[in-house]
Amino acid sequence: MSMGNDNEIRLEKLGEKTFYVTGLFKIGVYKISDTDICLIESGLDRSYAKSVDKVFEKEGLNVKYIINTHYHADHSGGNAYFQEKYNCQILATRINAELMREYALCPSIIWGGSPVKNILNNYFLAENSNAEDIMQKELPEGIEIGMLPGHSYEMIYVKTKDDVAFLGDAVVAEETLSKHHLSYIYDIEKHLETLDVLEQLEAKYYVAYHDEPFTDIKEHVAFNRKNIYENIELIKDICSEPKTIEEVIREYFNRYYFRLSMYKFAVDGGMIRNYMTYLYNKGELCADNIDNFIKWHTTKKFY
Ligand SMILES: [Zn+2]
């Protein structure tokens with residue numbers, strides 16, 4: 001089995017009925033019959049889905065289901081294309097299904113209100129699709145799911161009978177973390193609990209959407225957990241003196257010699273804010289009004 005880190009789109013086998021589509025995004029493919037398949041995720045957008053579909057056309061495969069681990073546009077952006085062409089059933093947890101039916105709301109989750117135009121690209125905005133609540137439907141034979149909340153609200157994993165677990169964005173490659181330091185986490189507390197669950201999830205192969213398939217889940221969980229605690233320590237260190245959220249974001253970027261842009265302020269800044277929210281709710285950060293600025297700090301001193 002080739003595990004080359006290229007962007008060529010082809011089917012790779014992981015088990016008797018389980019495959020994944022190579023390329024920038026690792027789309028899961030489970031054969032429910034000789035010709036019918038269930039996809040796990042659908043690619044970035046219509047054009048990406050079309051290039052994936054060429055592989056299915058060549059193999060004479062018919063997309064019967066798509067299961068999305070969560071609503072994020074890079075996972076569900078191909079839904080509309082596949083549903084139009086194959087009339088497939090699209091399944092996700094209830095809230096994720098609702099979001100994919102009315103996608104315009106999704107960038108607001110990143111921005112915290114009607115979003116700035118900078119983030120309205122195909123990573124944050126997908127076409128609507130008619131997704132349904134996976135808990136109310138019968139799963140295709142040979143597939144089971146489990147909850148992995150944290151990266152996103154009510155994210156799931158999909159495990160096939162061939163002992164292959166598709167993990168959505170629950171873990172990120174070590175290389176990516178050491179380069180970017182931040183990965184998107186909606187709810188840090190739930191995500192840390194999810195990493196504990198994941199550590200116990202047994203499978204022959206694990207597929208995270210943005211990485212090559214791997215076999216050692218414990219190792220992946222360990223460096224993902226380490227990255228979170230590094231971010232927590234860094235943010236607490238930055239907040240040893242009271243700072244506004246914008247100052248914390250600026251300081252985080254300065255420490256890694258990254259340059260801030262409006263796009264990064266919206267996306268990465270949001271990730272930093274999620275860490276601060278977590279620490280504040282846990283009582284590890286205080287926030288006080290100082291000269292009508294809300295400043296965040298680790299000291300218990302009242303300003
Ligand atoms: Zn995601």
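**A sheet and a helix pair**

Let's start inside the sheet: Met 147 stands opposite Ile 156 in β9. A word on the model. It is predicted, with local features needing pLDDT of at least 70 and side-chain atom pairs counting only at pLDDT 80 or more, while totals for chains, interfaces and linings use all residues. Residues are numbered from 1 along each chain as its sequence is written, and side-chain values use heavy atoms, leaving out hydrogens and water.

Names next. Helices (H or I, at least four residues) and strands (E, at least two) are DSSP runs, numbered from the N terminus. Two strands pair if DSSP finds at least two bridges between them.

Now strand β9, residues 156-160. How many of its residues are buried? 5 of the 5 are, so β9 is largely enclosed by the rest of the structure. Buried means under 20% relative accessible area; exposed is over 50%, and partly exposed lies in between (1.4 Å probe, protein chains only). Ile 156, Val 158 and Thr 160 point one way from β9. Tyr 157 and Lys 159 point the other way.

Who are the partners of β9? On one hand, strand β8, residues 143-147: it pairs with β9 in the antiparallel sense over 5 bridges. Ile 145 stands opposite Val 158 there. On the other hand, strand β10, residues 164-166: 2 bridges join it to β9, and the two run antiparallel. Here Val 158 stands opposite Phe 166. The hairpin of β9 and β10 has 3 residues between the strands, and Asp 163 takes a positive phi near 70°.

Step back to the sheet. It is open, has 4 strands in the order β8-β9-β10-β11, and its pairing is mixed. Which strands are at the edge? β8 and β11 (205-207), each pairing on one side only. Neighbouring strands are turned by 20° against each other on average, direction ignored.

On to the helices. α8 (residues 217-238) and α9 (residues 245-255) pack at about 120°, with axes 10 Å apart. Axes are lines fitted to C-alpha atoms, for helices over the stretch in contact, and angles run from 0 to 180 degrees between N-to-C directions. α8 and α9 are therefore oblique to each other. Under 35 degrees counts as roughly parallel, over 145 as roughly antiparallel, 65 to 115 as roughly perpendicular, and the rest as oblique.

Which residues meet? Asn 231, Leu 234, Ile 235, Asp 237 and Ile 238 in α8 meet Val 248, Glu 251, Tyr 252 and Arg 255 in α9. Contact means heavy atoms within 4.5 Å.
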